[in-house]
Amino acid sequence: IVSERLEAVQKGLGEMQNLASGVGDLKKVLSNVKTRGVLGEIQLGNILEQILAPEQYDQNVKTKSGSDAHVEFAIKLPGNKASGKEIYLPIDAKFPQEDFVRLQAAYDGGDVSVIEVANRDLMRSIKAFAKDIKEKYLDPPNTTDFGIMFLPIEGLFAEVARQPDMIALLQREYKIIVTGPTTLAAMLNSLQMGFKTLAIQKRTSEVWNVLGAVKTEFGKFGGVLAKAQKKINEANNEIDNLVGTRTRMMLSKLKKVEELPSVDSDKLIDDGMNDAIEYDSEA
């Protein structure tokens, strides 16, 4: 029994070592800045794909004229009616992992001074990201005068949101709105409702144009119907004249003709029909 238990313990330790190795590999992946950026970009792309239609946003867009910087995603928004040109709303994913991990470690340690220092470092990184987005991607009127910074972890967004005046400062100084996965989804749903309203307005305008064209064509159709009705009335009057007046005149003339007995009239008609048939055969 002791041998079986020791064997089970050894097996469990082996599984724990494999799990620890996997965690180490994940840590190595997340420690790479480029990899973290790709993970944030993938998450951002998944959220956009679930809420918006493909034609409502673009990926890797150069939004600022004279700059080669490409923002990860940009939502297409309708421009003014005069130009009819679309404008972009830049969205960039950021993930300051080192600062966030240090802050979590400071919370675990419980040292207030260390927590304050880690908080300041994290907020400094967030401000640097906001400045970077503003300088690289915002270019009114080609873009909106504000951009969106996407933080792929809700806990990271919560740390930024709990800081006094941080959200307002980023909007005031850098024209940047900070979002997490949930808040971004809510914002995109609001935009989607706006897109639907614009689509309804556009379709309404098209319907009015169609109705205007139908009204014009219906006026022409009414004129054609009036002419046709006039011709029909003229033909009807001719028929009434033929059936009424002409018929009465012929009947008055026929009154002077003596009627034949029915037998004689039938014979006369049959002879006429036979003569007609023979004539047709000879022809």
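Contact here means heavy atoms within 4.5 Å. The model is predicted: local features need pLDDT of at least 70, side-chain atom pairs count only at pLDDT 80 or more, and totals for chains, interfaces and linings use all residues. Residues are numbered from 1 along each chain as its sequence is written, and side-chain values use heavy atoms, with hydrogens and water left out.

**View 1. The whole chain.** The chain holds 8 helices and 5 strands. Helices (H or I, at least four residues) and strands (E, at least two) are DSSP runs, numbered from the N terminus. Along the sequence the pattern reads α-α-β-β-β-α-α-β-α-α-β-α-α. Of the 283 residues, 26% are buried. Buried means under 20% relative accessible area, exposed means over 50%, and partly exposed lies in between (1.4 Å probe, protein chains only). Take the contacts between residues at least 6 apart in sequence: 64% of them join residues at least 24 apart.

**View 2. Helix α4 against helix α5.** α5 covers residues 154-161. Its axis and that of α4 lie 11 Å apart, at an angle of about 100°. That makes α4 roughly perpendicular to α5. Angles of 65 to 115 degrees count as roughly perpendicular, under 35 as roughly parallel, over 145 as roughly antiparallel, and the rest as oblique. Axes are lines fitted to C-alpha atoms, for helices over the stretch in contact, and angles run from 0 to 180 degrees between N-to-C directions. From α4, the residues N119, L122, M123 and I126 take part. They meet L156, E159 and V160 of α5. By class, this contact has 5 nonpolar, 1 polar and 1 charged residues. Ala, Val, Leu, Ile, Met, Phe, Trp, Tyr, Cys and Pro count as nonpolar; Asp, Glu, Lys and Arg count as charged; the others, Gly among them, count as polar.

**View 3. Helix α3 against helix α4.** α3 spans residues 97-109 and α4 spans residues 112-137. The two pack at an angle of about 160°, with axes 9 Å apart. α3 is therefore roughly antiparallel to α4. On the α3 side, D99, F100, R102, L103, A106 and Y107 make the contact. On the α4 side, V114, I115, A118, N119, D121, L122 and S125 make it. This contact of α3 with α4 has 8 nonpolar, 2 polar and 3 charged residues.

**View 4. Helix α3 and its end.** The 13 residues of α3 reach 18 Å from first C-alpha to last. That is close to the 18 Å expected at 1.5 Å a residue. The expected span is 1.5 Å times one less than the number of residues. Q97, D99, F100, L103 and A106 of α3 are buried. G110 follows α3, and its phi is positive, near 80°.

View 5. P140 and P141 are joined by a cis peptide bond, with omega about 5°. P141 sits in the loop between α4 and β4 (147-150).

View 6. N60 has a phi near 55°, a positive value in a residue other than glycine. N60 belongs to strand β1 (residues 57-61). With a relative accessible area of 44%, N60 is partly exposed. K175, also not a glycine, has a positive phi near 60°. K175 lies in the loop between α6 (166-174) and β5 (176-179). Its relative accessible area is 39%, so K175 is partly exposed.
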